[in-house]
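Hi there,

Here is the structure you asked about, with the sequence alongside. Have a look at it first, and then read on for my notes.

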Amino acid sequence: MADLIVHNARITTLDPKRPLATAIAIANGVVVAVGDDATVMEKAGSTTRVVDADGRRLIPGLNDSHTHLIRGGLNYNLELRWDGVRSLADAMGMLKAQVARTPAPQWVRVIGGFTEHQFVEKRLPTLEEINAAAPDTPVFIMRLYDRALLNRAALRAVGYGKDTPNPPGGDIQRDKVGNPTGLLLAKPNALILYATLAAGPKLPPEYQINSTRHFMRELNRLGITSVIDAGGGFQNYPDDYQIIRKLHADDELTVRIAYNLFTQSQGGELADFERWTTILAPREGDDMLRHNGAGEMLVFSAADFELFSEPRPDLAPALEPDLEQVVRLLVEHRWPFRIHATYEESITRILDVYEKVDREVPFDGLHWIIDHAETISDHSIERVRALGGGIAVQHRMAYQGEAFVERYGAEAAGHTPPIRRMLDAGVPVGAGTDATRVASYNPWVALYWLSTGRTLGGLQLYGDDNRLEREEALRLWTHGSAWFSSEQAHKGILAVGQFADFSLLSADYFAVDDEAIQDITSVLTVVGGKVVHGDGEYSRLAPALPVPTPDWSPVRHFGGYQGATLAQASAAFAATHTHGTGCSVHGHGHAAHRDAPTSDYQGFWGTLGCSCFAF
């Protein structure tokens, strides 16, 4: 008999044999029945939990094929997120409020996930505005991998002065007498941004556990049930993987994670992978936490940075010999691998290396991935297909489309990346975000971009020849992404025997207006048959989550992605709310998520932890 049945739903299964259904039954973590209510309810027993979906749309769980959850989780509770904020005035209001509650020597950090084009003002804050808002508390604001804005207190904290040299690939902007202004530019290397950010205080391990749990729940709130983690700069293995391993051992993961290992050693890449291939077997782990191979950094000489505000970098002649020895090692050990490659010029050289290695050590069905591929040519797409590779695309153009058009023109932008051509060629394509720094982790922003072809600033990039239908876009976010962790036989559709991962949506993805796609959330998220998130009437089904730590954490007060309903809740709260003894803002305790009065406010105030509502 079923452990869980959800009925009275509008289910998009993505299973061509049964594309639509109204009910689904789960047992032992997998789907045991999909169909009409009467048939599926035959699986109900005395202990079956039965959930009425109230006619809502139910979809397979979303799967981000390229993100940075493990690193992002370690830092989530430290970060003030401007993801989804619609105006700079609101963003600066959040900043000022967080400055007021952040104790010394802590920083206020806004680390990517936004662009000035999402603001009605269409600009970033000035250094003068940031210094006025925070005269004494260090503030670090990073826009994509393009630049960072530091106030005077942050410059003092990191020790940047007149005599501080520019690092390779970075620029410390200075005033007329040579003092740093607070603007750091990637030219085009983001190492200057990484290194400066790394100088700030870190959370202790017990807080990193709490932080990662909150980040996973935030992803669950948006319907994400699986991710493929692409490592990242300053994300060292195995040290920075201890927290995620601890959560896995304690059965506290609420997102399935397949992780790739990212070398941190320029000049020592081969040594890194030689060491790692002796301690990790290909795809070692289980269905909740699994090793997924190498990358996205394989060798530093092959890394082409994706700042469309800067000229395309010319990669060094060392690319071919460096990459060949690493790829040969990985293929010999049957490790899957992925590589960051933005431009066709880089991809052509990378494919030359891959084809050479394949002639000597056949890939023979080994999964390998080109990440990003914004300007890949038709010829290179065919080469990827012939060699059995896949392409992972992300919504970076939703954030950088205006810069791309300014540098390369609207015509070139119309197929950047050429997703329709990839699909027509039969190449495996998976969708993702590249969060948390280059873009927001919100999958619905990516689905908006895929289906409308527009940037967050409203610029129309794509015509009908490169936009996807909504179901096509959803398929890239579910079954399409499963290929990239070699799990296409087990996840991404809702059919008997598949993983029981799904989301019940706050609004019907297939019916809402285009602009409303960005603000869809999940009211019920299930991973392996277990409820991991519930909102509104479903909140009582979800497991309790501890209050965010530390007590000044921006997550406690603002949550994560700032959707339209969160902005409305914030305004309503500010206008009508009086704090009482149940308010965690004043340190008097934490209200459970189910205490929120309506589902519209639950995401924001469930995170805030305040029970003294006066709406």
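Below is what I found, by topic.

A word on the basis before the details. This is a predicted model, in which local features need pLDDT of at least 70 and side-chain atom pairs count only at pLDDT 80 or more, while totals for chains, interfaces and linings use all residues. Residues are numbered from 1 along each chain as its sequence is written, and side-chain values use heavy atoms, with hydrogens and water left out.

**Helix packing**

Two packed helices are described by the angle between their axes and the distance between the axes. Axes here are lines fitted to C-alpha atoms, for helices over the stretch in contact, and angles run from 0 to 180 degrees between N-to-C directions. Helices (H or I, at least four residues) and strands (E, at least two) are DSSP runs, numbered from the N terminus.

Start with α10 (residues 319-332) and α11 (residues 344-360), whose axes come within 9 Å and cross at roughly 45°. The two are therefore oblique to each other; angles under 35 degrees count as roughly parallel, over 145 as roughly antiparallel, 65 to 115 as roughly perpendicular and the rest as oblique. The crossing of α10 past α11 is right-handed, meaning that the near helix is turned clockwise from the far one by less than a right angle. On the α10 side, the contact (heavy atoms within 4.5 Å) is made by Leu-319, Glu-320, Leu-323, Glu-324, Val-327, Arg-328 and Val-331. The α11 side brings Arg-349, Ile-350, Val-353, Tyr-354, Lys-356, Val-357 and Glu-360. Sorted by type, the residues of this contact are eight nonpolar, no polar and six charged. In that sorting, Ala, Val, Leu, Ile, Met, Phe, Trp, Tyr, Cys and Pro count as nonpolar, Asp, Glu, Lys and Arg as charged, and the others, Gly among them, as polar.

Helix α10 also meets α9 (residues 269-279): their axes come within 9 Å and cross at roughly 10°. That angle makes α9 roughly parallel to α10. Here Glu-269, Leu-270, Phe-273, Glu-274 and Thr-277 of α9 touch Gln-325, Val-326, Leu-329 and Leu-330 of α10. This contact divides into five nonpolar, two polar and two charged residues.

**Salt bridges**

Side chains of opposite charge can pair when their charged atoms come close. Taking a salt bridge as a side-chain nitrogen of Lys or Arg within 4 Å of a carboxyl oxygen of Asp or Glu, the count comes to 37.

How exposed or buried are the partners? For this, buried means under 20% relative accessible area, exposed over 50%, and partly exposed in between (1.4 Å probe, protein chains only).

- Arg-81 and Asp-83 form a salt bridge at 3.0 Å, N to O, and both residues are buried.
- Glu-487 and Lys-491 are paired at 3.0 Å, N to O, and again both are buried.
- Glu-129 and Arg-123 have their closest N and O atoms 2.8 Å apart. Glu-129 counts as partly exposed at 28% relative accessibility, and Arg-123 is partly exposed too, at 34%.
- Glu-116, Arg-143, Asp-146 and Arg-147 are joined in a network of salt bridges.

**Backbone points to check**

Most residues other than glycine have a negative phi, and most peptide bonds are trans. A few places in this model depart from that pattern.

The peptide bond from Tyr-237 to Pro-238 is cis, with omega near 10°; Pro-238 sits in the loop between β14 (224-229) and α8 (242-249). Another cis peptide bond joins Gly-295 and Glu-296, with omega about 15°, and Glu-296 belongs to the loop between β16 (289-294) and α10.

Asp-364, although not a glycine, has a positive phi of about 50°. Asp-364 lies in the loop between α11 and β18 (368-372) and is exposed, with a relative accessible area of 65%. Ala-373 has a positive phi as well, about 55°. Ala-373 is in the loop between β18 and α12 (378-386) and is buried, at 0% relative accessible area.

**One more residue**

Finally, Ala-542 lies in the loop between β23 (530-534) and α19 (554-558). Ala-542 is buried, with a relative accessible area of 18%. Beyond its neighbours within four places in sequence, Ala-542 is in contact with Arg-217, Val-531, His-533 and Gly-534.
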